[in-house]
Amino acid sequence: MTAGMLELEAAFRLAESLALDFVELSADLHELAPALQEPARVRELRRHSGVGVTVHLSYVDLNLASLIPAARQTAVERTLRGLEFAHQVEAGCGVLHTGRHYLRHPLADQLVAEALSESLAALKGASVPVALENLVLDEDDYLRTPEELAQLTRQFDLANCLDFGHAHIESNAAGEARLERYLELLDDTLMHLHLHNNHGQRDEHLPTPEGSIDYRCYREFLATFNGTICLEISSEAGVGRSVAHLRAVVKGDG
């Protein structure tokens, strides 16, 4: 979806042509148009190509931290259906956003914390690992710091997806090295990455050699990371450029 690709076969062909190991599917797209990512077809493509999948769980019109009980319950039900889809396609993980908080007030703060805790508790026992993603792009995103994400992850025995682009925007806004702090705190819970680039102001999903993230600073980490990686780049050509760039970075040639 990030690369503007709606055709499942085309996504697998692109992955094969670039010698990539995974394609990230969209649970939102599966909700909207199930025929585009039919589980049996995904499994067939996996067998023929050797390319695995991860799933980005739904986030459109979904808020696991909602103060409105009916809205939160719907969010939980949709997330559980997304995890079932992820199980059916044998996904390596399901990437999850942690919710939005629209009313900053001491009473509301407590209620939102309770709402998100109830939502995450309802996901316990999922057959696919749940990877909480860092998301501090505007004032309504609920979790505000690496410390908060790490605490919640360990409280519910979950995993993490580190989005480099999101952390870069957060670092710019906070005036401190948040990406490095995420790497330090998440450490053993980190199983998935979203890699792309931007200029520190908004979520642009640029190819990795563009923007102001210098991926050479993370060469050692990338060279030794043994989880899965999704290139959240906004075009097919950009995915190809990013693959070449990151491979050069890891080899020390970038």
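Modeller: One term before we start: buried means under 20% relative accessible area. Also, this is a predicted model.
Biologist: Fine. How many residues of E2 are buried?
Modeller: Five of its five residues are buried, so E2 counts as mostly covered, with under 20% relative accessible area as the cut-off.
Biologist: Which residues sit on each side of E2?
Modeller: Gly52, Thr54 and His56 are on one side, and Val53 and Val55 are on the other. Both faces are covered.
Biologist: What does E2 pair with?
Modeller: E1 and E2 pair in the parallel sense over five bridges. In that pairing, Gly52 of E2 is the bridge partner of Phe22. E2 is also joined to strand E3, residues 94-96, by two bridges, again parallel. There, His56 has Val95 in E3 as its bridge partner.
Biologist: And the whole sheet, what order do the strands come in?
Modeller: The order is E1-E2-E3-E4-E5-E6-E7, seven strands in an open sheet with parallel pairing. Strand E1 (22-26) and strand E7 (228-231) are the edges, each pairing on one side only. From one strand to the next, the twist averages 25°.
Biologist: Moving along, how many bridges join E5 to E6?
Modeller: Four, between residues 159-163 of E5 and residues 190-195 of E6, and the two strands run parallel. One of the pairs is Asp163 with His194 in E6.
Biologist: Which strands does helix H7 lie across?
Modeller: Helix H7, residues 164-174, lies across E4, E5 and E6, at about 65° to E5. Helix H6, residues 146-155, lies across E4 and E5, and runs at about 165° to E4.
Biologist: Different topic. Which residues make the nonpolar surface patch?
Modeller: Leu67, Ile68, Leu103, Leu107 and Leu111, with an area of about 460 Å². Leu67 is in the loop between strand E2 and helix H4 (69-88).
Biologist: Why is Leu67 classed as partly exposed?
Modeller: Because its relative accessible area is 35%, and partly exposed covers values between the 20% limit for buried and the 50% limit for exposed.
Biologist: Last one. Where is Pro209?
Modeller: In the loop between E6 and helix H9 (219-224). Pro209 is partly exposed too, at 36% relative accessible area.
Biologist: What is Pro209 in contact with, leaving aside neighbours within four places in sequence?
Modeller: Arg241, Ser242 and His245. As for Val243, Pro209 is 34 residues from it in sequence, and the two are 9.9 Å apart in space, C-alpha to C-alpha.

Methods
Residues numbered from 1 in each chain as written. Predicted model: local features only at pLDDT ≥ 70, side-chain atom pairs only at ≥ 80, totals over all residues. Heavy atoms only, no water. Pairing = 2+ DSSP bridges. Axes fitted to C-alpha atoms, helices over the stretch in contact; angles between N-to-C directions. Contact = heavy atoms within 4.5 Å. Patch = residues over 30% accessible without salt bridge, like charges linked within 9 Å, V, L, I, M, F, W, Y side chains within 5 Å. Areas by Shrake-Rupley, 256 points an atom, 1.4 Å probe, with all protein chains shown as cover. Salt bridge = Lys/Arg side-chain N within 4 Å of Asp/Glu carboxyl O. Buried < 20%, exposed > 50% of the residue type's maximum accessible area, 1.4 Å probe, protein only.
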